[in-house]
Amino acid sequence: MAPTTVIHQRLLLMIYSAMENYNEENGGMSFVTAGPVDVQLDCDDKTMVQPDVLVVCDRDKIIKARVVGAPDLIVEVLSPSNWYMDIIRKKDKYKNAGVREYWIVLPEQKKVLVYYFERSSEYIEYSFEDKIPVAIWDNKCEVDFNFIYSKVEFLYDR
């Protein structure tokens, strides 16, 4: 795989930061982290993934070496080299494993596809001008992509 870009890294860290800040301001009951962290989706060690950002509400799923079981929310920031994996293969794996919410950030298109698997198999498309609600936290947390984009916009012309 090609190395991540500065835009990719900055986007994932700012998304992580927004979610972690909300989590801490509201009692820190969930586990929010940015990758690389191994996530063992199935009951064996054959399905390991390393999402860009993940949220786990059940801390019993977390052991020293990895997360065992489906996180509640996963964010993948798309890279040109991994689009098929994130949009097709991982989406199906995450849904089948019990991930409740899956965000695919498309930096080049300035869009975010959000799957709320508990509600539907279809995604909702947001732009980098939107505030995106986090459903696992009853939409009380919103990630402001307009703010995030304002911090990386200068990189798009370089």
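The following dialogue explains how to read several features of this predicted model.

Colleague: In what order do the 6 strands of the open sheet stand?

Modeller: Strands (E, at least two residues) and helices (H or I, at least four) are DSSP runs, numbered from the N terminus. Two strands pair if DSSP finds at least two bridges between them. Here the order is β1-β4-β6-β7-β8-β9, with mixed pairing. β1 (31–34) and β9 (123–127) stand at the edges with a single partner strand each, so one side of each has no neighbour in the sheet. On average, neighbouring strands are turned by 15° against each other, direction ignored. Such angles run from 0 to 180 degrees between N-to-C directions, and the axes are lines fitted to C-alpha atoms, for helices over the stretch in contact.

Colleague: Which strands of the sheet does helix α1 touch?

Modeller: Contact means heavy atoms within 4.5 Å. Helix α1 (residues 6–25) packs on the sheet and touches β1, β4 (53–56), β6 (73–77) and β7, and its direction makes about 165° with that of β1.

Colleague: How many bridges join β7 to β8?

Modeller: These two strands, residues 101–106 and 111–116, run antiparallel and are joined by 6 bridges. I104 lies in β7, and its bridge partner in β8 is L113.

Colleague: Is I104 buried or exposed?

Modeller: Buried means under 20% relative accessible area, exposed means over 50%, and partly exposed lies in between (1.4 Å probe, protein chains only). I104 has a relative accessible area of 0% and is therefore buried.

Colleague: How is an aromatic pair described?

Modeller: The distance of the ring centres and the angle of the planes describe it. Rings of Phe, Tyr and Trp (its six-membered ring) pair if their centres lie within 6.5 Å; planes under 30 degrees apart count as stacked, over 60 as edge-to-face and the rest as tilted. A search of the whole structure finds 9 aromatic pairs. In one of them, Y22 and W137, the centres are 5.1 Å apart and the planes stand at 35°, so the pair is tilted. Y22 belongs to helix α1 and W137 to the loop between β10 (131–133) and β11 (142–144), 115 residues apart. Both Y22 and W137 are buried.

Colleague: What are the values for Y115 and Y123?

Modeller: Their ring centres are 5.6 Å apart and their planes stand at 65°, so this pair is edge-to-face. Y115 is buried at 6%, whereas Y123 is partly exposed at 40%. Y94, Y102, Y115, F117 and Y123 form one aromatic cluster.

Notes
Residues numbered from 1 in each chain as written. Predicted model: local features only at pLDDT ≥ 70, side-chain atom pairs only at ≥ 80, totals over all residues. Heavy atoms only, no water.
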